[in-house]
Amino acid sequence: MSQAPTTDRNALDALPTGNPPPKPKRMRFDWRKLRDPKTFIIVAVVLVIGYLSLVPLLYLLWGTFFDSTGLTGAAFERAYGTTGLGELVYNSMVFATGATLVSVVMGTLLAFLTERTDVPLKRLIFAGSLIPLIIPGILYTIAWIFLASPRIGLINKWLEPFFGPGTFDVFTLYGMIIVQGMDNAPLVFLLMVAAFRSMDPSLEESALMSGASLPHVFRKVTLPLAKPALFAAFLIMAVKNIEAFETPALLGMPKGIWVFTSRIWRVLSTHPADYGQAGAYSISLLLITSLGIYFQTRYSRRGKQFQTVTGKGFRPRPMPLGRFRSLIGGALLFYFFIAIVLPAFILLYMSTQPFYQVPSIETMTNLSFENYRYVFDHSQTMRAFRNSFVLGISSATLVMFGTAVASWLVVRSKLPGRWMVDNLAFVPLVIPGLVLGVALLFVYLRFPIAIYGTMWILLISYVTRYMPYGMRYASTSMYQIGGELEESAQVSGATWWQTFRRINLPLLVPGLLAGWIYIVMTSVRELSSSILLYSPGNEVLAVMIFEQYENGQFTELAALGTLLIVALVILVYAAQRLGANIGVKS
Amino acid sequence: MLTITDLVKSYPGPKGDKASRVLAVDNVSIEVEEGQLYTLLGPSGCGKTTTLRSVAGLEDPDSGRIVVGDKTFYDSEKQVLVPANKRGLGMVFQSYAIWPHMNVYDNVAFPLTVESRSTRLGKKEMTERVERVLAVVQLDHLAGRQATDLSGGQQQRLALARALVMQPPLLLLDEPLSNLDAKLREEMRFELKRLQRDLNITAIYVTHDQVEALAMSNVIAVMNGGVIEQVGRPRDVYNRPASKFVADFIGSSNFFDGVVDRREGTDRYAVSTDEGEIFATSQYDLAPGAKVTVAIRPEHVQIEEGRPEQAGPGIWSGRVTARAFLGDSVEHKLEVGKLELQARCHTDLSLPANTEISIVLPPEWCSLIPTGE
Amino acid sequence: MGRGRIRPLAAASLFTIMAMVAACSTPPTADEEQPVAGSGEEGEEVETVDPETAEEAADADSAQSALDEVTAELEGLDPDARRARLIELAMEEGGEVSFYGSTNIDDIGPVIDAFEDDTGISISHYRAGASTVMNRILQEADAGFAGSDVVQINGPEMLVLSGEDLLLTLDTPIAEDIVEAGRFDDWLAPYVNAFIVGWNTNRVSPEEAPTTYEEAFSNFSGTLAMDVDDFDWFATLVDEYFVGELGMSEEEAVELFKEAASGASVIRGHSLGAELVVAGEYDVHVSLYHHHTARHADGPMDWQPAIEPVVVRPNGVGIVSTTTRPASSLLLVEYMLTDGQQYLADVGRTPGSTAIEAGLPSDIRTIGVDLLKLEEEREKWEGLYEEVVRESGSAVRE
């Protein structure tokens, strides 16, 4: 009894049908619209994002494609014409892939357990997971040398009675992968926390009810729903790991494992720096990430499936782990012990010593707080702390607000070319910090307003550098918010700004807060552009970190790192309290 | 109250170019009168939701005109497009769209608080208004509760309260009951109808559930493929489907082909079919020789054990091939020559397979639908 | 109710704005210590990072003639009178000087403090790595911005600035006291960096301790460390020692380094290298900075008896050609090379002035890095050293 429904539809219809659809009419752009806050805010945000990312990008392109003779491709020839590139690429790919997998898997698991299940010690895990974010990167890697080097590694010393000497060797490709992966896991953790927090558990519950096991539900229901977040995590991690320098330099180079980035760093440290060659690598990377973003935006057009915050029965509630609760809790603690407690312990121990020695009864009983006194006596410590936190908090707030608007534009609006905004916001990720610094110097030395030499130039630099991260955090959350929540506010008479402020922003809070925490934390240790752009009086902590590192004051640096961890824990706690008051109550 | 004229809305097609654009709404015109509950009924993708969203201002149509009361919301000729937040309509979404970060009171009060300062109600009036509308939907005792803590039915009523709080001239309902379980849906159906009638609200109701549509509407417009197939009172649409689609979509129907023999009265025709002549009713003006499809609903097919006592138009003999007990009725599958029919009978009548039967197809229940060629 | 909800957001934005305004409203160079009051003359406005001044930035020629004028005025004065006159002139320039340097604050801080106390001129001090400082000066000069008056960084980077005509020619009697390797027309060495071979005394007994480069290179395969950047040290040793003194061919000498590298780990950063030797990760490091060993005096590390010859590379101080304060700049340069030398010696640096005996013992034989020659052959030596470090670990890898 089935039939084609369209065959006889014109029988009754008095209306003319079958004529081609009329062209959609374009309303002409009205400049008066700029007075409307919606247009104004969106135009402003797009302009700012465009400006911030185009300045260093154009500088880079200019350096890459122009030399004294005019337009040229010589930089690419220099970059890719080197012999032995094959091995570099191989090492880089293995390293980047491995480290990406480690951080994505660990970060996602940790986030899933803390957000979606009743695993014990949640608060501890949350704050603890973030610790690698604030330990100056170089210290985290050094701590791992002291833990897992075959000669002096503490873990190897402990395991020696059982497995003989040198059980673990951190100076290997897999050592690099694990250290880098654990160092970056917090970024993924924060991204996934935001994604999981805004997820309707009824979907998981109904799957559990139908007899599926927890791992099955995780794989079949939870992960697919978190696709935009996972995609973001992979994209950022892949780029970060391809660009990573500290781990390969400290753990790879000693044993002859060279990666791609050692080249970028080399061409930037020559005199004069070969920005062209560095640019050639950055541009290659940019093309790859652009492709990724383009496809994600296209793909997510059909992305209603990711909207997990709908206006119906949304009730964040943890799933019971049942009899595995203590087992999983134990496994978590073990990971914690390895990835966070051990390095933090090395840091704490170092900070009480005049120089690093393998811990022994003698050194452990001979503790001193000399290094802490040094840090506090340092004339600029307090000012640097204040400057760093003011800058970190300001840039994090600006970035998260701006990217929240931008992500609305990318995810919600139907403007043509909106994926370009997403792409622009991502550009700074592939620009080496030093090149960004030089580009900013170039522009603001010639700028009519006094920005050079003030804190503003640091703020601009931080906002630019962290925009890509903010954008990933914000858009990931935006994908999750059901479109009808916003539409119902519109129909209720709310203007765009009222809707954005009272509906979208509060619902985005988990994502925005996670991004905010990430930016505040990592901006404190931002070195490559800060050191170039700060001015006397505007010292930031990065300058102190740099100084102590260059000068071999690792124990003092460890003391500073320990203090930073304390500051971090306080800040995260405060931010969480604040976030709990504005977000969805669970 | 609401007049939609020649509304067209298309979407980019799979190839993204102009030629492959998909017409979601194809020249739809409707007229809704004050106090009516007007239902747009059709399968998913038929354009009913797009039409509703165009009225709400959530879709930007390609062309046409939308007027509510004396206000023009959209007119492609005059380049008028009132944004959704300036239309002052109430809408209940399929997912309810309850804001999970607010409590019940705040959800309902939201439309009042976003009004511009000059027209915004005072604090006291606002509280009064919200409380009153919460009382109407019987949620007044839950005002302080977090919205996410409500049950499905309560959330649905909350969404309704929020849509009503502004006292909109027109209420838009987008499949509001589809997310409820069967029992609750039935309850809410009457509740909603009662509220609409008591408060004398004009409402557009979008649904794919024909039972809901038949039970609640004053007028039903059946949509398919972006066009309206039939508009009418529920009884008319049910009993006199104007197209094969309507006949099939609303309830189920037996279909068979025939050719018009002659006209028997104002709307009565004699039709010859492969299995014999029948009398049938049609609102169409049909000339002799016109090819038609005859539609008759299973519950209107009358059967009786034994061969027919007298032959005549619409009285055939046949055979039962199968039967099924459905609780409130018994369904028989019948065979008349090569034709297969279904008959739904009262539980008193239940005939085993292979029983010889006589079949009566009453002229008033046989609808004719022209097949076009 | 809605009001209450947005408060945290509003508070956060307000806080951001206020914090930024508070942080930025004070001029960047106005330090906590107020500059000693200027002489009230026209040079009142002297903030280094003010675009106004940028436009007035002296071009190289006029800055040079301004400096020459100052030098001419000082002609024939004895050291004390010369200092007194320079202070006077510096006060007329505003009593402030902007100093860009790469020496860490613990080492250079005492010099700065003493300078401010002794002269009453205040210093605005920017610190970063040598190449960062260099980059910043290049960029500022390119934009005609008078950011720095005095620069003090490693010799190779000073040569780059010199090559770009960004340093003013110095005419000062003090130059005579500076070691030859660190005496140039437009910059002078306040100290030299000495590359020494260091070892961990817990792992290497005095008998096992290497006495020659060859021993260091060959006896510690698997526990040896090298620095990834020290092509200047490498070039000097190959050229002056292995080829020049021992009569090897260049190929043989490079091969020697490659063999050493095959049993060595390549470390980035001398400070990390020293730390890892002290911690016992490596037994011997072939190119540590001498002044880092002083920092680990209590630790299990030694470098004496020294393996000779020790390669030394001068650090340099000079006046940037965008300066608008020639007298103040000259005052700082001269102070660093005279009174400042003792403070540098106190923190374990090896002074550039021959007038002070400190740092690396003078009985140790040294070879200076020939910066000018190295600058010409830079690409060759960088390439060769890259080949050397690429060998790292090849002998100890499975």
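Biologist: Which helix of chain C gives the most to the lining of the second largest cavity?
Modeller: This is a predicted model. The lining of that cavity consists of C:A235, C:T236, C:D239, C:E240, C:D370, C:K373, C:L374, C:E377 and C:W381. Two elements of chain C give two or more residues to it, helix 15 (371-376) and helix 9 (231-243). The one that gives the most, with 4 residues, is helix 9 of chain C.

Biologist: What volume does the second largest cavity have?
Modeller: The structure holds 12 cavities of 30 Å³ or more. For the second largest cavity the volume is about 80 Å³.

Biologist: How many charged residues are in the lining of the second largest cavity?
Modeller: Among the lining residues are C:D239, C:E240 and C:K373. By class, the lining has 3 nonpolar residues and 1 polar residue. The number of charged residues is 5.

Biologist: How many charged residues are in the contact of helix 6 of chain A with helix 11 of chain C?
Modeller: Helix 6 of chain A passes helix 11 of chain C in a right-handed crossing. The contact is made by A:I142, A:I145 and A:F146 on the chain A side and by C:L272, C:E275, C:L276 and C:A279 on the chain C side. By class there are 6 nonpolar residues and no polar ones, and the charged count is 1.

Biologist: At what angle do helix 6 and helix 7 of chain A pack?
Modeller: In this pair A:W144, A:F146, A:L147 and A:A148 of helix 6 of chain A meet A:L154, A:I155 and A:N156 of helix 7 of chain A. The contact residues divide into 6 nonpolar, 1 polar and no charged. The two helices are roughly parallel to each other. Their axes are 4 Å apart, and the angle is about 15°.

Biologist: Are helix 21 and helix 23 of chain A roughly parallel or roughly antiparallel to each other?
Modeller: The axes of helix 21 (residues 455-480) and helix 23 (residues 496-524) of chain A come within 8 Å and cross at roughly 155°. Angles over 145 degrees count as roughly antiparallel. The two helices are therefore roughly antiparallel.

Biologist: How many polar residues are in the contact of helix 21 of chain A with helix 23 of chain A?
Modeller: The crossing of these two helices is right-handed. Helix 21 of chain A contributes residues including A:Y462, A:Y466, A:G470 and A:S477, and helix 23 of chain A contributes residues including A:G511, A:G515, A:T522 and A:S523. The contact has 11 nonpolar residues and no charged ones, while the number of polar residues is 6.

Biologist: Where is C:P309 found?
Modeller: A cis peptide bond joins C:E308 and C:P309, with omega about -5°. The peptide bond from C:Q304 to C:P305 is cis too, with omega near 0°. C:P305 has its place between strand 8 (301-302) and strand 9 (310-319) of chain C, in the loop. C:P309 is likewise found in the loop between strand 8 and strand 9 of chain C.

Biologist: What is the phi of B:Q167?
Modeller: B:Q167 lies in chain B, in the loop between helix 4 (152-164) and strand 8 (170-174). B:Q167 is not a glycine, yet its phi is positive, at about 50°.

Terms used. Residues are numbered from 1 along each chain as its sequence is written. Chains are lettered from A and ligands numbered from 1 in the order in which they are written. This is a predicted model: local features need pLDDT of at least 70, side-chain atom pairs count only at pLDDT 80 or more; totals for chains, interfaces and linings use all residues. Side-chain values use heavy atoms; hydrogens and water are left out. On a 1 Å grid over the protein atoms alone, a cavity is a set of points where a 1.4 Å probe fits but cannot get out, and a pocket is an open set with protein on both sides within 12 Å along at least five of seven lines; lining residues have an atom within 4 Å of a point. Grid points are joined across faces, edges and corners, and a volume is the space filled by probe spheres set on the points. Ala, Val, Leu, Ile, Met, Phe, Trp, Tyr, Cys and Pro count as nonpolar, Asp, Glu, Lys and Arg as charged, and the others, Gly among them, as polar. A crossing is left-handed if the near helix is turned anticlockwise from the far one by less than a right angle, and right-handed if clockwise. Contact means heavy atoms within 4.5 Å. Axes are lines fitted to C-alpha atoms, for helices over the stretch in contact, and angles run from 0 to 180 degrees between N-to-C directions. Angles under 35 degrees count as roughly parallel, over 145 as roughly antiparallel, 65 to 115 as roughly perpendicular and the rest as oblique.
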